[in-house]
There are 4 protein chains.
Amino acid sequence: MPKIGIGIIGVGRIGKLHAEKMLHNSKVQLLGISDVFMNEELVEWSKPFNLSIMTNSYLELIQDPRIEAIFICSPTNTHIEIIKAAVARGKHIFCEKPISFNYQETKEIMELVEQAGVVFQVGFNRRFDHNFQKVRELMNSETIGQPHLIKITSRDPQPPPASYILASGGLFMDMSIHDFDMARYITGSEVETVYAEGAVLVDPEIGELGDIDTAIITLRFANGALGVIDNSRKAVYGYDQRVEIFGEKGNISVENDVPTTVKVSTEEAITTDHPKYFFLDRYIESYKTEVNYFVESILGGLPPLVSAYDGYQAERIAFAAKQSLLQGRLVRLEEIQ
Amino acid sequence: MPKIGIGIIGVGRIGKLHAEKMLHNSKVQLLGISDVFMNEELVEWSKPFNLSIMTNSYLELIQDPRIEAIFICSPTNTHIEIIKAAVARGKHIFCEKPISFNYQETKEIMELVEQAGVVFQVGFNRRFDHNFQKVRELMNSETIGQPHLIKITSRDPQPPPASYILASGGLFMDMSIHDFDMARYITGSEVETVYAEGAVLVDPEIGELGDIDTAIITLRFANGALGVIDNSRKAVYGYDQRVEIFGEKGNISVENDVPTTVKVSTEEAITTDHPKYFFLDRYIESYKTEVNYFVESILGGLPPLVSAYDGYQAERIAFAAKQSLLQGRLVRLEEIQ
Amino acid sequence: MPKIGIGIIGVGRIGKLHAEKMLHNSKVQLLGISDVFMNEELVEWSKPFNLSIMTNSYLELIQDPRIEAIFICSPTNTHIEIIKAAVARGKHIFCEKPISFNYQETKEIMELVEQAGVVFQVGFNRRFDHNFQKVRELMNSETIGQPHLIKITSRDPQPPPASYILASGGLFMDMSIHDFDMARYITGSEVETVYAEGAVLVDPEIGELGDIDTAIITLRFANGALGVIDNSRKAVYGYDQRVEIFGEKGNISVENDVPTTVKVSTEEAITTDHPKYFFLDRYIESYKTEVNYFVESILGGLPPLVSAYDGYQAERIAFAAKQSLLQGRLVRLEEIQ
Amino acid sequence: MPKIGIGIIGVGRIGKLHAEKMLHNSKVQLLGISDVFMNEELVEWSKPFNLSIMTNSYLELIQDPRIEAIFICSPTNTHIEIIKAAVARGKHIFCEKPISFNYQETKEIMELVEQAGVVFQVGFNRRFDHNFQKVRELMNSETIGQPHLIKITSRDPQPPPASYILASGGLFMDMSIHDFDMARYITGSEVETVYAEGAVLVDPEIGELGDIDTAIITLRFANGALGVIDNSRKAVYGYDQRVEIFGEKGNISVENDVPTTVKVSTEEAITTDHPKYFFLDRYIESYKTEVNYFVESILGGLPPLVSAYDGYQAERIAFAAKQSLLQGRLVRLEEIQ
């Protein structure tokens, strides 16, 4: 069976991660990369891949007929243009989150993709995490019946640099967006209302940049359930990623993954391991699994799991949260059209 | 040293509990009880106490000069009248929560008590729980520095009967009020704003009675911290009582207490014990400790820990939560005067 | 119903503990105590009990007709004489472990007690611990079927003083004896062979006194199961009391009890509470429960649970372990007659 | 840098595992395999490797000058012959455990390998497990000071078929041998005495084959520490792999790894995940790490970690355990020369 030819656009941390995982996926062949900074370091890094195309123009990549699918890992503000170009040439698309900072543009993309019939997957990798997939399965099997409450804790170990914050679209669009998607995934229901509280407690500079670093967001779902997400940019003990869903017949919770199960008991303290430090440790397997899933979708074996619609919905919720924070009021998702 | 003479007004479940604990407290002597239903069952129950006074009139109890302190365990709507009568006679007062359903009346009581100089303690027993006291100590010792987020989970194992719901003052005043007090106790800060979401997911009858059975309440504190409380009237796996506080230098969490540490591993499942079933199991020690504390306060050894002001503040927050739910908006505590 | 009149012989730490628990047991009345050191401190301590008899002669206590049952809490080498005197007068007996240092004398006592028909209970309080009782129940309900392996960890937080070591009968008779009884209790089977390894690793002085401070003891049971006990006189992190039983259909394990469920996560460490510090913390409830059980046995409501035979068997195993250690060989229990 | 040419002898479950891991190791190139059953299934499986040599004669593989290192994954009774042939040709050797069923032959091999100066690593993969490596690090950093007790639980989820049992060398040589090596690795000390108890409790057929399925083995170490290993061929709840080491300054324990951290609370039970099912799940990473280590040893970057001497010592202990079981007595390791 011929391998699916892949091109990666934007070869930063995530782009490289995808490339390296592809080395071990026998169904794909990474053929080319594009990056506006096609520097020596990148050339050196690319050697083991024996690439046919290395360019600073994403168009060149997209136009190559050998490329059947592209991974968009460039900055968010470039996504729309790239997707349009790729769809026009019938390429399948894996796009990092968020699709755009503008949910209306994302809606347009969603419709475009649907008409074109290409496979489109958003990089909500956490849906593929071993823990959360188990939760989803348990929900499907009605283990706890109808959901009443969903609680998501999502805290980074340290804030990103100012440059990142500025280009991030803000905490809700950059960080909470994963949690918005998780909330929809786990409950299997759509968000109807959003109320957000935010604060600058970690670093005043983040506030000066117009963003917040701490938040509590309350959600109400179409199926009647209530939800709450808490976020912080700085959990000094490591990446804190927990989910809990409570329903009529019980509760399901996910604790943090740990590097080892070692427990040390001394006169001073009883200690266990810190959570895995950050997303590249905690979610490393999910990055592999999401790409496998994308590949199987192209091959026709699996229905799309994280569609453009999922990207669109998460963006709408992020936008609603921002509105709620700015206006100090409950925002209905239907306001966000 | 002569023992402190005690009278209990209202001898239901909690009144009896206090009475039984007093048998083992060498500093107090239960001298009398009053209850509007002074029936045979109560007479039988009281025998081991060798009481001097058994009456259906609380006034008779209060007027007895041997009674130095009273425990008010009667329905909430009788508290104000009883407190006024007791204060007028210089009695020390232990009053079950809430002091009243009307925070303005409670404020009046608060001032009255202050002027009279009697010891007054509200029955927020959870402040005396071994777990939460440890959290308070850790906060005092700056283990995690400034608090950023506080999260309280408080779920009952089963809803009370309709008759109880009707007289309860509603979920916020009856159940969440403990959590409002806990939030103030743990953060050491006052609540400034309240946003509440509620739903009827457990039992439609609760909705027909005008109450809710599921809630998520977001708080903002004077020190900048954010907080969230989630409540349910029905956690089928037992009483779920957890607290978590996250700050600049870390996180402190309290898991449920369990009856045993037994873990069973079979082919079917790996299981551990359910949480202690309800408040009389989980908080039984705290009921003893709070009474000890009250007694020491009377004896002059300890400053009041749960004052009328604490009762007043919790009621204001409960009222604000109700307003928020009814009006679908953020409520500032300063609105509630 | 008249209360059962109780006398306590030997009022050290354990004797006092039993006395204090009796204050809260409505079915018994502590009438007298005897102690060879009937000093001022003891007189002071006894005041709240309003005792009728305070003597330095245990015989005086036993001879009093109001005393129906005695608690023997004096040093082990006095037990035999006291038991004989008490049985002769038809008293019910609660005897701290071990009954004697000489299993042959214990056997004699066992027969004496049986003939006399008095209630006799040995102070193996751990059988009444909430965790271990649950394990016993699970074994009874065949949760894990036939037992294959039992593992007991029993480590003290700190070694006793030299004076205690000298009078203790050695590690096996003093400390492991609880574990020998637990092994029989949990497996519901008799020990057939014993192999013991011991070492002096904690404190050379213990070796100089002719004792060991660290041990691993392997047992083989009549039902085919194997067992292992590990002991240490010094676990710096606190009293370590765990049991695990593995069988054809699974495994049951008991973790240490902790004072609180608080978990602290900081940059330095993730910590939880130390185990309860020592037996008075960990087993405090079991001391109350065992006395309740003894009382119910006297009242006829319950069959004896920890009989003289149980004391005898545990002593035989302890003796066998000592033999095994001294001779470096497997010892069959049938050798110990 | 040219890749190290590798040949694998014996391509069963473990041989295949090693081959597949090598696909992702850029420093090695699998050039050939040999297996006495070079059937179609194997040919099919080998396709992605583009092998230069596929033979049913291990000699052909060893004689090829492109092969620098061999992996011996054939049955234990073929190891000695293969190692001798490989050493004679200066090949580096990775040999699955045990090296042989005869510790005297293994000793000979050990000397041969030493003289030849080739790199030799035994397949005690558990030394490379994330949990146990952490324990080893903590021991090196004196976290708990001098070790007093080591406890290893090692239970398989289900017994192997009779054919495997017959060729396995028995429980001690096949299964406990990993634990003997772990005991030496963790304590950093040599075993001096062995006492073993064994039983047939899982399946009478295992007894009929002359083996046992359940064991408790007590060890005494040169540094004075005591140790105990418990083994079972059938833990119905999954692969049970725990280690605990107790010392003068504390205790270190390793719990089982679990597939997910999901906890489900219902009215019926509070459940968490089963342990990872068997060694290919639990130790999968360690198989990769041990091969990396072997490769680095060949490249000169790392000293050998699991030497022929380690294989030899573990076999001696296994032999001593067998002697102890058969003779019902303590066996000193110095007897086993």
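In the predicted model, chain A can be laid on chain B by a turn of 180 degrees and a shift of 0.0 Å along the axis, with an RMSD of 0.0 Å. The C-alpha of chain A nearest this axis belongs to A:Arg329, at 3.0 Å from it, and 100% of the contact residues of chain A recur in chain B, so that the same surface serves both copies.

A rotation of 180 degrees, again described with its shift along the axis, 0.0 Å, superposes chain B on chain D with an RMSD of 0.0 Å, which is the relation of a two-fold axis. In chain B, the C-alpha nearest that axis is the one of B:Thr271, 2.2 Å away from it, and here too the same surface serves both copies, 100% of the contact residues of chain B recurring in chain D. The contact between these two chains involves 15 residues of chain B and 15 residues of chain D, and the area buried between them is about 1100 Å², of which carbon and sulfur atoms give 59%. Of the area that chain B buries against chain D, 44% is supplied by B:Glu267, B:Ile270 and B:His274, more than by any other three residues.

On the chain D side of this pairing, D:Thr271 is found in strand S14 of chain D, which comprises residues 270-272. Leaving aside neighbours within four places in sequence, D:Thr271 is in contact with B:Ala269, B:Ile270 and B:Thr271 of the partner chain, as well as with D:Val262, D:Lys263 and D:Val264 of its own chain.

A polar atom of the D:Thr260 side chain lies 3.2 Å from the backbone nitrogen of D:Val262, while a polar contact of 2.7 Å joins the side chains of D:Thr260 and D:Asp273. Beyond four places in sequence, the residues in contact with D:Thr260 are D:Asp273 and, from chain A, A:His130, A:Asn131 and A:Lys134.

In chain C, the loop between strand S6 (120-122) and helix H6 (130-140) holds C:Asp129, which counts as buried at 2% relative accessibility. A polar atom of the C:Asp129 side chain is placed 3.0 Å from the backbone nitrogen of C:Asn131. When neighbours within four places in sequence are left aside, C:Asp129 is in contact with C:Arg282, C:Tyr283 and C:Ser286.

Helix H5 of chain A covers residues 103-116, and at 1.5 Å a residue its 14 residues should span 20 Å, which agrees with the 20 Å that separates its end C-alpha atoms. The buried residues of H5(A) are A:Tyr103, A:Thr106, A:Ile109, A:Met110 and A:Val113; seen down the helix axis, they fall within an arc of 105 degrees and therefore line one face of H5(A). Such an arrangement can be read against the geometry of an α-helix, which has 3.6 residues a turn, so residues three or four places apart point the same way. Helix H4 (79-88), strand S6 (120-122) and helix H12 (308-327) of chain A are among the elements that cover the buried residues of H5(A). At the start of H5(A), a side-chain oxygen of A:Asn102 reaches to within 2.8 Å of the backbone nitrogen of A:Gln104, and just after the helix A:Gly117 takes a positive phi of about 75 degrees.

For H12(A), one of the covering elements, the 20 residues should span 28 Å at 1.5 Å a residue, and the end C-alpha atoms are 28 Å apart, which agrees. This helix is followed by A:Gly328, whose phi is positive, near 60 degrees.

In chain B, the buried residues of H5(B) are B:Tyr103, B:Thr106, B:Ile109, B:Met110 and B:Val113, and they cover an arc of only 105 degrees around the axis, which puts them on the same side of H5(B). These residues pack against helix H4 (79-88), strand S6 (120-122) and helix H12 (308-327) of chain B. The N-terminal end of H5(B) is capped by B:Asn102, a side-chain oxygen of which lies 2.8 Å from the backbone nitrogen of B:Gln104, and H5(B) is followed by B:Gly117, whose phi is positive, near 75 degrees.

Technical notes
Residues numbered from 1 in each chain as written. Chains lettered and ligands numbered in written order. Predicted model: local features only at pLDDT ≥ 70, side-chain atom pairs only at ≥ 80, totals over all residues. Heavy atoms only, no water. Helix = DSSP H or I, 4+ residues; strand = E, 2+ residues; numbered from the N terminus. Expected span 1.5 Å × (residues − 1). Buried < 20%, exposed > 50% of the residue type's maximum accessible area, 1.4 Å probe, protein only. Arc of directions from axis to C-beta. Contact = heavy atoms within 4.5 Å. Polar contact = N/O pair within 3.5 Å; in protein donor to acceptor, adjacent residues only side chain to side chain. Least-squares fit on C-alpha atoms with pLDDT ≥ 70 in both. Buried area = accessible area lost by both parts, 1.4 Å probe.
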